[in-house]
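Biologist: I would like to go through the packing of this model. Please show it first.

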Amino acid sequence: KDNIVRHGGFETVLNVAKDHTTNVAAIGDACRTLGVLATDDPVVVVPCVEVLLGKMDDHSADASVQKNACNALFEVVDKHKSITDAILKGGGVAKIVRAMGNHKENGKVVEAACQALGYFFEEKPEATSEFVSGGGITLVVRVMEEHKGDADLQ
């Protein structure tokens, strides 16, 4: 992974995510790969977060992009704790909640969104107020009820 990043692979994937505006398969793959390649270098991670959040806006109707972006945000926060400020500034909480709400029937999106939010709030507990005021708790309860048979979503 470090060799890929050191030889420009991260920038290449970042550019794929930026350049592809309609190919949701390529965008989803790029989001997933950005999460895997994320390092603890803020110079690399901040543009990654900006692209991920932008793609969540651009492709809010696509479950695959939303799932992969949520997973990537989880990976980024896991590897670079201080990035939570950039996620918060970019409206990340609202975008993750929106992904969950738009795709509440899709257990994979819901699981990815919950994991991203959980890890994010662990690092930035003060951000929970935005989640609560944005209807996040009501949404999570509703989603849990809709997915009663799925132990991963309880």
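Modeller: This is a predicted model, in which local features need pLDDT of at least 70, side-chain atom pairs count only at pLDDT 80 or more, and totals for chains, interfaces and linings use all residues. Residues are numbered from 1 along each chain as its sequence is written, and side-chain values use heavy atoms, with hydrogens and water left out.

Biologist: Which residues does leucine 52 touch, not counting residues up to four places away in sequence?

Modeller: Contact means heavy atoms within 4.5 Å. With residues up to four places away not counted, leucine 52 touches Cys31, Leu34, Ala69, Ala72, Leu73 and Val76.

Biologist: Which residues have the most contacts inside the largest nonpolar core?

Modeller: A nonpolar core is a set of buried Ala, Val, Leu, Ile, Met, Phe, Trp, Tyr and Cys residues joined through side-chain atoms within 4.5 Å. Buried means under 20% relative accessible area, exposed over 50% and partly exposed in between, with a 1.4 Å probe and protein chains only. The largest such core has 47 residues, and those with the most contacts inside it are Leu34 and Leu52.

Biologist: Which helix gives the most to this core?

Modeller: Helices are DSSP runs (H or I, at least four residues), numbered from the N terminus. With nine residues, the one that gives the most is helix 8.

Biologist: Is histidine 103 buried or exposed?

Modeller: Histidine 103 is found in the loop between helix 7 and helix 8. Leaving aside neighbours within four places in sequence, its contacts include Ser60, Asp62 and Val110. Because its relative accessibility is 5%, histidine 103 counts as buried.

Note on methods. Helix = DSSP H or I, 4+ residues; strand = E, 2+ residues; numbered from the N terminus.
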